[in-house]
Amino acid sequence: MELEKNGVFPIEDTLEIILAFDKTGKITYMNAAARKKLEYEEGFSGKCIQDIFPNTFRSAQEGFETDCPFGNALQNLVAYRKNLTCFPVEARIVDHTETSGLYICMANDILEKEFLTKEIEQVRQEAQQAMKVKSEFVANVTHELRTPVNGILGNVRELLGEELETKVERYLRLIERCCGDMNKIINNILDFSKLEAGKFTLEPRKFNFRSMLDYVKSNHINKITEKGLGFFMTVSPQIPEYIIGDELRIVQVLGNLISNAQKFTSVGKITVEAVRTARVNDKIELFFMVKDTGIGIDAADKDKLFQSFSQVDASISRKYGGTGLGLNICKQLVELMGGRIEVESEKNRGSTFSFSVWVGISENEEEVLCEQTDYIEMPAGDVEDSSAEDIRQFGTPENLKNLKNNLSKLILCVEMENWEKAEMFMETVRTLTSGAPREIGRIALRLKMAIQKENYDKITTEFAELNNLLGT
């Protein structure tokens with residue numbers, strides 16, 4: 001065709017539907033895609049634009065009339081085939097009448113796109129329904145679990161109020177702890193389910209920031225100091241006395257990170273720091289750091305930490321316990337509070353978890369700025385502020401001092417038949433003797449096995465031999 005050669009039309013084999021029609025509406029050109037889609041492969045002689053788009057173009061004395069604007073803007077139209085069936089298209093119609101006397105229509109078949117859109121919408125609705133059913137199921141199951149667990153816990157605490165034999169009390173204390181752990185798992189599953197379903201809402205209110213930290217301290221200091229670890233907390237003076245935020249969720253994130261630090265640290269210390277890093281209008285950013293001198297994490301494993309139901313190593317859950325939900329929940333909670341959570345760690349050198357949250361400050365309240373940095377220090381008895389490296393290196397004064405302290409606490413727990421704490425101190429002793437001569441390592445291993453079997457005579461024998469070799 002002459003016009004096509006002169007460049008008015010796109011190439012014949014383009015995938016886009018191309019039509020040309022004159023001022024009367026008569027179609028003068030269809031490319032191959034148009035002839036195939038509209039089923040005019042045998043010819044389109046005498047056809048008008050009204051035949052292709054009857055809902056958009058109407059016959060008139062001057063040829064045709066339409067409300068359709070001409071230009072490059074995309075419009076959703078309905079195209080009719082030769083057999084009068086129709087399909088949706090996205091089209092633009094350009095007016096070239098001043099140069100060539102023709103209008104050019106370029107259109108794309110969006111039938112498949114509409115079908116896929118409907119399919120996607122259906123899948124989305126099905127997924128939402130499945131999520132709703134899942135959330136309701138989790139809520140019902142956790143409720144049913146909580147009832148018997150709390151029933152057991154209540155009865156155990158009633159019994160603990162009476163005079164009991166040491167062995168019976170030890171068993172009841174173990175049941176009480178297991179019930180508490182079960183309730184924590186149930187709470188984690190409920191939180192995770194709500195976060196996944198997008199139904200989790202924050203409950204901000206005004207609260208005393210330092211009182212909150214005192215509460216966090218009181219919840220963790222006993223377990224940390226019993227393990228022979230140092231515990232230190234530093235608070236920036238730029239943080240006002242009262243802030244507005246979800247106190248419960250900040251405590252939850254801090255508590256989870258401190259519990260993990262305590263769980264994975266055998267020697268050294270745990271440090272918590274809180275500082276104010278930014279202010280925008282009546283909002284301030286608080287930045288928290290929880291540092292430990294524990295087992296640390298390989299750089300390659302950091303990405304696994306904040307995934308749901310994920311542990312860095314399968315052996316971690318067997319040795320230390322946990323569902324792998326805690327850090328994932330922390331990440332989502334921190335993001336809901338406008339912040340982010342990160343970790344810096346090195347294998348066997350400890351970890352530093354940091355997170356930020358945005359909180360409000362009262363308009364009428366003057367920020368309390370202390371003359372000196374608030375410093376809350378919670379040392380663990382005889383633990384000195386020496387580096388974890390010196391403590392772990394067998395034979396150093398710090399190492400031997402900590403060995404002596406932990407062995408004394410270990411044998412005291414054995415005498416009291418508190419086997420759970422005895423095993424905890426034994427893990428610390430094993431860590432402190434990891435670089436010791438082979439004979440000391442063997443005795444430490446035999447002592448650990450004796451404690452696990454609750455063999456008092458074997459424990460005292462191995463304990464005395466280990467003390468003799470250590471010269472303590």
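## Close-up views of salt bridges, cysteines and a buried asparagine

The structure holds 18 salt bridges, and the views below visit several of them in what is a predicted model.

**View 1. Arginine 170 and glutamate 454 join distant parts of the chain in a salt bridge.** Their side chains meet with an N to O distance of 3.8 Å. The two partners stand 284 residues apart: arginine 170 belongs to helix 5 (residues 166-197), while glutamate 454 sits in the loop between helix 13 (438-452) and helix 14 (456-470). Arginine 170 is buried, because its relative accessible area is 18% and the cut-off for buried is under 20%. Glutamate 454 counts as partly exposed at 38% relative accessibility.

**View 2. Arginine 446 and glutamate 462 pair between two helices.** Here the side chains form a salt bridge of 3.3 Å, N to O. Arginine 446 lies in helix 13 and glutamate 462 in helix 14, so this pair ties together parts that are 16 residues apart in sequence. Elsewhere, a network of salt bridges with shared partners takes in Arg157, Glu169, Arg173 and Glu176.

**View 3. Arginine 340 meets glutamate 342 in a salt bridge.** The closest N and O atoms of this pair are 2.9 Å apart. Arginine 340 counts as exposed, with 55% relative accessibility, and glutamate 342 as partly exposed, with 38%. As a friendly reminder for this view and the two before it, side chains of opposite charge can pair when their charged atoms come close.

**View 4. Cysteine 178 is in no disulfide.** A search of the whole structure finds zero disulfides. Cysteine 178 is partly exposed, at 45% relative accessibility. Cysteine 413, by contrast, counts as buried, at 9%.

**View 5. Asparagine 405 is a buried residue of helix 11.** This helix covers residues 397-415. The relative accessible area of asparagine 405 is 17%; that is why the residue counts as buried, the cut-off being under 20%. Take a moment to find glycine 228 as well: asparagine 405 and glycine 228 are 177 residues apart in sequence, yet their C-alpha atoms are 8.1 Å apart in space.

Conventions:
Residues are numbered from 1 along each chain as its sequence is written. This is a predicted model: local features need pLDDT of at least 70, side-chain atom pairs count only at pLDDT 80 or more; totals for chains, interfaces and linings use all residues. Side-chain values use heavy atoms; hydrogens and water are left out. A disulfide is a pair of cysteine sulfur atoms within 2.5 Å. Buried means under 20% relative accessible area, exposed over 50%, partly exposed in between (1.4 Å probe, protein chains only). Helices (H or I, at least four residues) and strands (E, at least two) are DSSP runs, numbered from the N terminus. A salt bridge is a side-chain nitrogen of Lys or Arg within 4 Å of a carboxyl oxygen of Asp or Glu.
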